[in-house]
Amino acid sequence: MKKTIMIFSTALFFAVSANAQVKPSANSGGLILKGGVNFANISITKNGNVDDANSLTSFHAGLVADLPLSDGLWLQPGLLLTGKGSKTLQGTTNDRSYYKATSNPLYVELPVNLVGKIPLGTSNLFIGAGPYVAMGVKGKNKTEGKIFGVAFNNEYDIKYSNDDPTTSYEENAGYGQLKKFDYGLNALAGLDFGKFMLSANYGLGLVKINSGASNKADDSNKHRVVSVSVGVKL
């Protein structure tokens with residue numbers, strides 16, 4: 001998986017370098033500085049559903065190359081720092097006993113999306129999809145609450161195992177740490193205004209985030225992320 005990330009990173013570098021040799025027009029591609037807000041969650045049922053109340057607000061930022069393949073068809077590889085995770089809340093801060101836990105892992109993510117663009121006057125409507133691979137790099141787990149009026153608070157760094165999702169091997173099985181590697185699928189749509197871009201993205205994780213997660217055939221315990229982005233072409 002580390003080799004895969006290196007290959008995608010190298011491909012993005014050379015694609016951007018090659019594309020930079022020709023100054024792009026408003027709609028002819030280029031390098032995009034992209035950032036925005038994530039609404040992250042983790043699936044809790046075997047059918048992949050999530051509890052909306054557990055959505056965690058995070059962020060993403062990075063670079064995306066907008067590379068024309070043919071009229072109306074574009075390739076968009078990227079390199080992003082993105083936050084995922086979820087939260088749990090039982091009770092409220094006004095209760096004598098309540099509990100709140102948040103897990104906010106940060107990943108370096110490499111999406112590669114195939115995008116179709118439809119001209120709308122001076123702008124373009126675009127729709128696309130593609131895979132992503134990601135590697136956990138940092139993050140925090142936090143717990144806080146009260147037990148019969150006595151407050152507690154704890155924060156610690158997330159630890160990542162070296163589980164390889166392409167094999168059946170599991171390292172340090174359990175829920176004390178997350179798998180280092182994640183992969184999944186993206187679906188995106190938005191408007192390209194030439195210099196600027198607005199988009200929405202849905203990331204569907206295909207890997208259980210913990211070693212030892214029971215019943216690997218179901219879709220529970222996987223990342224789900226809705227993102228809203230603003231992009232500026234460089």
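**Exercise 1. Is Asn-221 buried or exposed?**

Work out where Asn-221 sits in the chain and what its backbone does.

*Solution.* Keep in mind that this is a predicted model.
- Step 1: start with the accessibility. Asn-221 has a relative accessible area of 14%, and buried means under 20%. So Asn-221 is buried.
- Step 2: find its place. Asn-221 belongs to the loop between β11 and β12.
- Step 3: check the backbone. Asn-221 isn't a glycine, yet its phi is positive, near 65 degrees.

**Exercise 2. Now try Phe-148: which loop holds it, and is it buried or exposed?**

*Solution.* 
- Step 1: look between β6 and β7 (150-157), and you'll find Phe-148 in that loop.
- Step 2: its relative accessible area is 63%, and the mark for exposed is over 50%. Phe-148 therefore counts as exposed.
- Step 3: look at phi. Phe-148 has a positive value of about 50 degrees, although the residue is not a glycine.

**Exercise 3. How many helices and strands does the chain have?**

*Solution.* 
- Step 1: count 1 helix and 12 strands.
- Step 2: turn to burial. Of the 234 residues in the chain, 41% are buried.
- Step 3: see how far apart in sequence the partners are. Take the contacts with a separation of 6 or more: 63% of them join residues 24 or more positions apart.
- Step 4: The accessible surface is about 12300 Å², and carbon and sulfur atoms hold 62% of that.

**Exercise 4. Which side chains make polar contacts with the side chain of Lys-117?**

*Solution.* 
- Step 1: Lys-117 is part of strand β5.
- Step 2: its relative accessibility is 9%, so Lys-117 counts as buried.
- Step 3: look for partners. The side chain of Asp-66 makes a polar contact of 2.8 Å with that of Lys-117. The side chain of Asp-192 makes another with the Lys-117 side chain, at 3.0 Å.
- Step 4: widen the view. Leaving out residues up to four places away in sequence, Lys-117 also touches others, including Trp-74, Gln-76, Phe-126 and Lys-233.

**Exercise 5. How many cavities of 30 Å³ or more are in the whole structure?**

*Solution.* A reminder of the idea: rolling a probe the size of a water molecule over the atoms shows where empty space is left.
- Step 1: the search turns up 1 cavity of 30 Å³ or more. The largest cavity holds about 250 Å³ of space.
- Step 2: its lining has 24 residues, with Leu-80, Glu-109, Asn-186, Asn-201 and Ser-227 nearest the centre. Elements giving two or more residues to this lining include β1 (30-42), β5 (98-120) and β12 (222-233).
- Step 3: sort the cavity lining by class, and you get 7 nonpolar, 13 polar and 4 charged residues.
- Step 4: move to the largest pocket, with a volume of about 440 Å³. Ile-42, Ser-86, Thr-88, Ser-103 and Ile-209 lie nearest its centre, among 24 lining residues.
- Step 5: ask who contributes. β4 (86-90), β5 and β6 (123-147) each give at least two residues to the pocket lining, and β5 has the largest share, with 4.
- Step 6: by class, the pocket lining splits into 8 nonpolar, 14 polar and 2 charged residues.

Technical notes: Residues are numbered from 1 along each chain as its sequence is written. This is a predicted model: local features need pLDDT of at least 70, side-chain atom pairs count only at pLDDT 80 or more; totals for chains, interfaces and linings use all residues. Side-chain values use heavy atoms; hydrogens and water are left out. Buried means under 20% relative accessible area, exposed over 50%, partly exposed in between (1.4 Å probe, protein chains only). Contact means heavy atoms within 4.5 Å. Accessible areas come from the Shrake-Rupley method with a 1.4 Å probe; for residues, only the protein chains shown count as cover. On a 1 Å grid over the protein atoms alone, a cavity is a set of points where a 1.4 Å probe fits but cannot get out, and a pocket is an open set with protein on both sides within 12 Å along at least five of seven lines; lining residues have an atom within 4 Å of a point. Grid points are joined across faces, edges and corners, and a volume is the space filled by probe spheres set on the points. Ala, Val, Leu, Ile, Met, Phe, Trp, Tyr, Cys and Pro count as nonpolar, Asp, Glu, Lys and Arg as charged, and the others, Gly among them, as polar. A polar contact is a pair of N or O atoms within 3.5 Å; within protein, one must be able to donate a hydrogen and the other to accept it, and residues adjacent in sequence count only if both atoms are side-chain atoms.
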